[in-house]
Amino acid sequence: MKAILGGRLIAADGHGDFCALSDHALLYEKKIARILPTSSLDDQMRAGLEEIVDAKGAFVAPGFIDVHLHGALGRDAMDDEPEAVRAIARYQPQTGVTAILPTTMTCAFSAIRRALGHIRAAMSRKEPKGARILGAHMEGPFISAARCGAQDAAHIVPADFSLVEPFLDVVKRITIAPETLAKGSRFIRDCQTRGVSVSIGHSDADYDEALRCLTEEGIRHVTHLFNGMPPFHHRAPGVVGAALDTDADCELIADNLHSHPAAQRMLWRAKQGRHILLITDSIRAAGVGDGESELGGQKVFVHGARATLADGTLAGSVLTMNRAVANFAKNTGCGIPAAVACATKTPAESLGVYDEIGSLAAGKCADFVLFDDDVQIQKTVVDGEIVWEP
């Protein structure tokens, strides 16, 4: 048995809200065994511990979960090489991320098939020093040409469940533009009955269509709210209005470029602190620095925190999850524990894996991260083993 002492544990209270606990010990092996007051850890229990980590006042939080990322360190989930997804997974722990949903994008479907095959192979071969791979998020090709953003409209195709069906063991979420579905389409229902979450994104749907999908069709998720959809207008609320008017889970890129701090605050208030998932939407340029990069066959130019196509269109991000947590906590005033919940509990719940990961609780995987008040990562643990530290 191992233990972490001297930290501020971010754990759920009796209402399920995250709070910081001082003077508590976290006991674990591959899974979390117990959380107990440090005063209950007597000399005999201490003597039986094989390792004691002194957190020295750092936060100890569940490992972050990124359900929407394309790449990092020069690699992309669409790369036709088995090593790419594993390399992306190995990079994540230094940003506090312990589980990921590598995300494909709108390309020729033959390329998407190959990418899903590589993700499947990576799922079955856990990286010893990397984040666990939970499956894949398909961001397209079933989207709207009017709102394709940095994706290549030439490869958009009508939603077809037969294209997805061979990869039901891999695909956990699909982003679609519901207004493009043929009348009478069973696509949403077929996905849901087979365990695939459907999300509205890269969509030109009006408020009524989006609201119908979120209240009648069983869609519970919105891809990177505010981006890839019409801007909110008081006479035409669109997808943004429908998302804010329901309890739909909303992804948010909290880099202060894709969403202004004021928009982040409004989302926090509208959702009353619930149903918000922090994501990075990171591309291969993440962790590389300024210069020219690539996304879906298109040139991308990175300067500081901004990644754009040649025409200035935002092209994913170079955001890391620890910065997203820090930004969101500051911008909304919600505090570190509540921001952490948006990067852990809510994404785990949205994927149906909260009984395994997403919080510090007995019986769950020993996936956690230590960081300071500025969310600078000090140590990341997956399955009870340190996978990253400076």
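## Terms and basis

Buried means under 20% relative accessible area, exposed means over 50%, and partly exposed lies in between (1.4 Å probe, protein chains only). This is a predicted model: local features need pLDDT of at least 70, side-chain atom pairs count only at pLDDT 80 or more, and totals for chains, interfaces and linings use all residues. Residues are numbered from 1 along each chain as its sequence is written, and side-chain values use heavy atoms, leaving out hydrogens and water.

## Nonpolar cores

A nonpolar core is a set of buried Ala, Val, Leu, Ile, Met, Phe, Trp, Tyr and Cys residues joined through side-chain atoms within 4.5 Å. The largest one holds 107 residues. Phe64, Ile174, Phe328 and Phe371 touch the most other members. Another core lies apart from it, with 13 residues, including Val53 and Leu360.

Contact means heavy atoms within 4.5 Å. Leaving aside neighbours within four places in sequence, Phe328 contacts Leu252, Ala254, Gln264, Trp268, Ile276, Leu278, Gly333, Cys334, Ala339 and Cys342.

## Aromatic pairs

Rings of Phe, Tyr and Trp (its six-membered ring) pair if their centres lie within 6.5 Å; planes under 30 degrees apart count as stacked, over 60 as edge-to-face and the rest as tilted. The count comes to six aromatic pairs. One of them joins Phe59 and Phe371: it is tilted, 5.5 Å centre to centre, with 35° between the planes. Phe59 lies in strand S7 (residues 59-62) and Phe371 in strand S22 (residues 368-371), so the pair ties together parts 312 residues apart in sequence. Strands (E, at least two residues) and helices (H or I, at least four) are DSSP runs, numbered from the N terminus. Phe59 is buried at 7% relative accessible area, and Phe371 is buried at 0%.

The pair of Phe142 and Phe187 is edge-to-face, because its ring centres are 5.3 Å apart and its planes meet at 75°. Phe142 sits in the loop between strand S13 (136-139) and helix H4 (161-164), and Phe187 in helix H5 (residues 187-193), 45 residues apart. Phe142 is buried at 1% relative accessibility, as is Phe187 at 3%.

## Cluster and charges

Phe59, Phe64 and Phe371 form one aromatic cluster. A charge sits over a ring if NZ of Lys or CZ of Arg is within 6 Å of the ring centre and within 35 degrees of the ring normal. Arg8 lies over the face of Phe59, 3.9 Å from the ring centre. Lys364 has its charged end over the ring of Tyr354, 3.4 Å from the centre.

## Helix H10

Eight of the eight residues of helix H10 (residues 336-343) are buried, so the helix is largely enclosed by the rest of the structure. Among them are Ala339 and Cys342, which also contact Phe328.
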